[in-house]
Amino acid sequence: MLTQIAYALPFLAQGFALTLWVSLLVVVFSLIAGVIMGVGLVYGPIPLQWAVRIFSDTIRGIPILVLIFFVYYGLPAVGLHLPSFWAAVLALTLFKTAQVVEYLRGAVGSIPRGQSEAAMAIGLTFRQRLAYVIFPQAFRRFLPPWINGVTDAVKGSALVSLLGITDLMQAINQVIGRTYEAMPLYILGALIYFAVNYALSLASRRLERRFSFIRE
Amino acid sequence: MGYALNFNLIWRHFDKLWGGLLLSLELAVISIAIGIVIGLVLAVWYVSAGRIVRTIIAAYVEFIRNVPLILLVYLVFYGLPTVVDIAYSAPTSFVVTLSLYSGAYLVEVFRSGLEAVPRGQLDAGKAIGLTPWQRLLNVRLPTMLRITLPALSNTFISLFKDTSVASVISVPELTYGAQWINFNTFRIVEVYLVVTAMYLVTGYIMLFALRLVERRFRAAR
C-alpha cells in the first residue's frame, strides 16, 4: 500500500502544483477586478452601483459548482471556446471577485465619514483621497478577511477536477482508480489541503490581532 | 455568437429541476438540523471544557473548515466503506457529510455567540438562585441565539448552496437535474439561467424568512 502511494507521489505533486497555480491566478485576477468593482460600488454613479450590486448578489447567491458548469458548458454554446483550464479560472475568478467586492465595501465603509470630509477640506482630489487617506486605513480591515478568503479559492479549485483538469483532487481520484487505496489517499489529500488552508487562516488571525489596535 | 434562447425543452423537463430543488432543500434541512445538534452540544461543551476536549473540538472544526467539501463527500461515500463495514445510499452518505460539515461551521457560530453573552447575565442568574441547567437553558442559550441569528442565517443559506456538491455522487438534486438537461437537450444557457434563478429565489426566500425571525427576536431586548 505504502509503496503504491509513494510511487504516486510525484503525480500528486503535479496535481498539487496545478491546484496552487489555479488558486494563485484566481486570487490575483479577482483582487484586481474586485477592487475596481468595489470602488465602483462605493463611489460610482448609481447605475454602476446597481450593476455591481446585481453582479455580486447573483454570483454569491448561486453555488460555485453551478457557476463553473455555466461558464464551462455555456461559453462554447454561445461561440466562445476557452480551454477548460481557463474556463475554470474564469468561473472561480467571478466567484472570488464578488467576495473581494464585499470585503472592499466593508473595509471602506468602516472608515469614518470625517476622514473623507477632512481630506476634501484640505483640497485632495478623489484619487489622492483614496490613495493617501482611505485605502491605507481600509487596507488593515481588508487584509485579514481577504487572506482568510483565499482558502475559499483553494477549496473551490477542487471543483475544477469535475472539468477533467488534473488538479490535486483529480490526481487523487486517478491514483485511487489505479490502486484502489481510497481511504489513505483521501486522507492524504485532505491533509494537504488542510496544511495550505490552515496556514492561511492562521496568518489571517495573526494579522487581525495585529491590526486590532485600530478602533474608532 | 447568434445563440437563440429556447426554453421549451427546459419546461418539458422541468420536473427534473423542481424535484431536484425539493431534494436540495430536503438534504439541506436534514443536514442543518443534525448540524445544529452537533454544533450546540460541542459549543456548550467547548466553553466549559478543559484543554484536551477543547483541542479535540477545535481540531474537528479546523479540519472540516479547511478541506474542500467535495473531498469530504468523496471520502465519506467512496473511502469510508472500504475501511468500515457500512453501506449507505448516495443521499444518506451526503447527509452524513453535510451534517458533519455544517456541525463544524455551527460550532464556531454558537461558540462565539456563547462567549458574547455578557457575564452580568450569568451572575444575575446565579444571584436569583438558578441551577446551572436553568442558567444554560433560560439565560445562556436564548441570549446566545439572539446574538447569533444573523450569522446563522448566512450559514444556513450557504449550506443550502453547498447541497449542489451532492451532484458529484449522482444525488439527483437541483445541480444534477441541471446537468441532466444540459447533457440530454443541449439547451445549456437556458438550463443554467433557470437554475440560477431557482437558487437565487430560494435563497432570497430563506433570507427573507430568517430576517423575519431575526426581527421578531430582536424586539425582545
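**Confidence, interface and a helix pair**

Trainee: What pTM does the predictor give the complex?

Mentor: This is a predicted model, and chain B averages a pLDDT of 92, with 98% of the residues at a score of at least 70. For the complex, the predictor gives an ipTM of 0.90 and a pTM of 0.91.

Trainee: Which helix gives the most to the side of chain A that touches chain B?

Mentor: In the contact between the chains, 29 residues of chain A meet 33 residues of chain B. On the chain A side, helices H2, H3, H6 and H8 each supply at least two residues. That side divides into 20 nonpolar, 8 polar and 1 charged residues. With 10 residues, the helix that gives the most is H8(A).

Trainee: How much of residues 21–210 of chain B is helix?

Mentor: UniProt, in an unreviewed entry, places the feature "domain: ABC transmembrane type-1" at these residues. The end C-alpha atoms of the span lie 19 Å apart.

Trainee: Are H7(B) and H9(B) roughly parallel or antiparallel?

Mentor: Their axes come within 10 Å and cross at roughly 165 degrees. Angles over 145 count as roughly antiparallel, so H7(B) is to H9(B) roughly antiparallel.

Trainee: How many charged residues are in the contact of H7(B) with H9(B)?

Mentor: H7(B) passes H9(B) in a right-handed crossing. Among the residues that meet there are B:Arg146 and B:Lys161 in H7(B) and B:Glu214 in H9(B). By class, the contact has 11 nonpolar and 2 polar residues, and the charged ones number 3.

How values were computed
Residues are numbered from 1 along each chain as its sequence is written. Chains are lettered from A and ligands numbered from 1 in the order in which they are written. This is a predicted model: local features need pLDDT of at least 70, side-chain atom pairs count only at pLDDT 80 or more; totals for chains, interfaces and linings use all residues. Two residues are in contact if their C-beta atoms, placed from the backbone, lie within 7 Å. Helices (H or I, at least four residues) and strands (E, at least two) are DSSP runs, numbered from the N terminus. Ala, Val, Leu, Ile, Met, Phe, Trp, Tyr, Cys and Pro count as nonpolar, Asp, Glu, Lys and Arg as charged, and the others, Gly among them, as polar. UniProt positions are given in the numbering used here, feature names are shortened, and annotations may be inferred rather than shown by experiment. pLDDT is the predictor's confidence in each residue, from 0 to 100. Axes are lines fitted to C-alpha atoms, for helices over the stretch in contact, and angles run from 0 to 180 degrees between N-to-C directions. Angles under 35 degrees count as roughly parallel, over 145 as roughly antiparallel, 65 to 115 as roughly perpendicular and the rest as oblique. A crossing is left-handed if the near helix is turned anticlockwise from the far one by less than a right angle, and right-handed if clockwise.
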